[in-house]
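Student: I would like a close look at one helix. Please take me through it, then set it in its surroundings.

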Amino acid sequence: MIEKLPFLAWPRRQTLTTLIFHRVLPAVDPLRPGEPDPARFERLMSFLAENFAVLPLPEAVERLARGALPRRACCITFDDGYADNLTVALPILEKYRLPATVFVATGYLDGGRMFNDAVIDAIARTRGNALDLRELDLGVHPLGTVEAKLAAISALLDRIKFSPPALRDEQVSAIVAATACGPLAADIMLTTAQLKELAGRGVEIGGHTVSHAILTALDDGEAFAEITQGKRRLEAIIGRPVSSFAYPNGKPGRDYAPRHVPMAQAAGFARAVSTAHGVGTAGCDIFQLPRFTPWGRAPLAWATRLQRNARGG
Ligand SMILES: [Zn+2]
């Protein structure tokens with residue numbers, strides 16, 4: 001049991017802390033050091049249940065708008081649509097009665113895989129001591145240790161992250177082919193049946209485009225189509241309106257631009273979240289709510305980081 005912490009310096013003004021997760025892994029994965037395993041996730045959820053007022057995102061934003069948020073209000077969100085949000089995270093959320101939102105990129109449902117996962121899994125499964133990608137102009141990467149593999153993953157993802165989607169798909173296929181790792185797992189992302197189950201068990205489902213496109217890389221027509229088609233597909237699957245949106249990657253000015261904010265509104269969303277640090281405050285733009293995730297293992301470190309984030313420094 002985690003004790004209540006004092007939070008002596010929590011600001012007096014209204015603050016909405018929105019946490020962002022991607023996966024909760026069934027077991028520790030050294031090549032995904034940022035993703036919690038069940039024990040780490042449960043410690044964090046228990047800490048939140050003890051110390052924060054965790055609200056569903058729509059209710060929290062509505063209360064923020066009318067100045068009626070409880071102290072240390074918090075929302076829990078997951079991005080992209082990983083199957084472990086249902087199979088690993090949800091039982092822990094249910095144990096602590098914590099509401100959550102899962103933002104789903106619909107193009108990866110039913111056996112798809114995001115490019116970053118394809119690269120990580122290919123490198124995880126390759127047996128070679130080095131990966132020669134000079135033919136792709138992506139260098140040579142030693143792979144003899146976990147540290148070397150992490151460095152290779154980071155270097156490759158940095159190189160291909162902002163490639164236009166068609167080129168990026170080619171680069172990923174070539175990396176997978178060069179690692180000769182065989183077919184990659186096809187059950188990383190949610191299936192439509194799992195998505196329905198998540199919604200049926202009370203998790204809010206939010207839009208996250210179709211292909212997880214970086215909106216600033218698209219023309220306006222394509223960006224609006226990505227935003228609206230993702231929303232419609234989710235609504236068709238779960239049979240209810242989808243009202244929250246998360247900008248893919250989410251950094252304002254880099255991954256989305258001011259022109260995409262009215263697009264989310266015109267698509268019929270009622271609120272949207274970014275990945276800028278900080279907290280929602282009275283009068284903030286509810287179509288660009290900041291999100292923040294504390295790192296590290298110890299609750300006291302989380303408390304310190306959450307408090308610093310809420311104070312804006
Ligand atoms: Zn995402």
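Student: Which residues of α1 are buried?

Tutor: This is a predicted model. In α1, the buried residues are F41, L44, M45, F47, L48 and N51. Seen down the helix axis, they fall within an arc of 160 degrees, so they line one face of α1. The helix itself covers residues 38–51, which makes 14 residues. From first C-alpha to last, α1 reaches 20 Å, close to the 20 Å expected at 1.5 Å a residue.

Now the wider setting. The protein chain holds ten helices and nine strands. Of its 313 residues, 40% count as buried. The largest nonpolar core has 81 residues, and A60, V119 and A272 touch the most other members. Both domain 1 (16–102 + 190–311) and domain 2 (115–179) give residues to this core, so it lies between them. Take A272 as one of those three residues. Leaving out residues up to four places away in sequence, A272 touches F245, A246, Y247, A264, F287, Q288 and L289.

Finally, the overall fold. Among contacts in the protein chain with a separation of 6 or more, 71% join residues 24 or more positions apart. The C-alpha trace spans about 60 × 45 × 35 Å along its principal axes. The radius of gyration is 20 Å, which agrees with the value near 20 Å for a compact globule with 313 residues.

Terms used: Residues are numbered from 1 along each chain as its sequence is written. This is a predicted model: local features need pLDDT of at least 70, side-chain atom pairs count only at pLDDT 80 or more; totals for chains, interfaces and linings use all residues. Helices (H or I, at least four residues) and strands (E, at least two) are DSSP runs, numbered from the N terminus. The expected span of a helix is 1.5 Å times one less than its number of residues. A residue is buried if 20 or more other C-beta atoms lie within 10 Å of its own, exposed if 12 or fewer, and partly exposed in between; C-beta atoms are placed from the backbone. The arc is that of the directions from the helix axis to the C-beta atoms. A nonpolar core is a set of buried Ala, Val, Leu, Ile, Met, Phe, Trp, Tyr and Cys residues joined through C-beta atoms within 7 Å. Domain bounds come from an automatic or database domain assignment. Two residues are in contact if their C-beta atoms, placed from the backbone, lie within 7 Å. The radius of gyration is taken over C-alpha atoms; the globule rule is 2.2 Å times the number of residues to the power 0.38.
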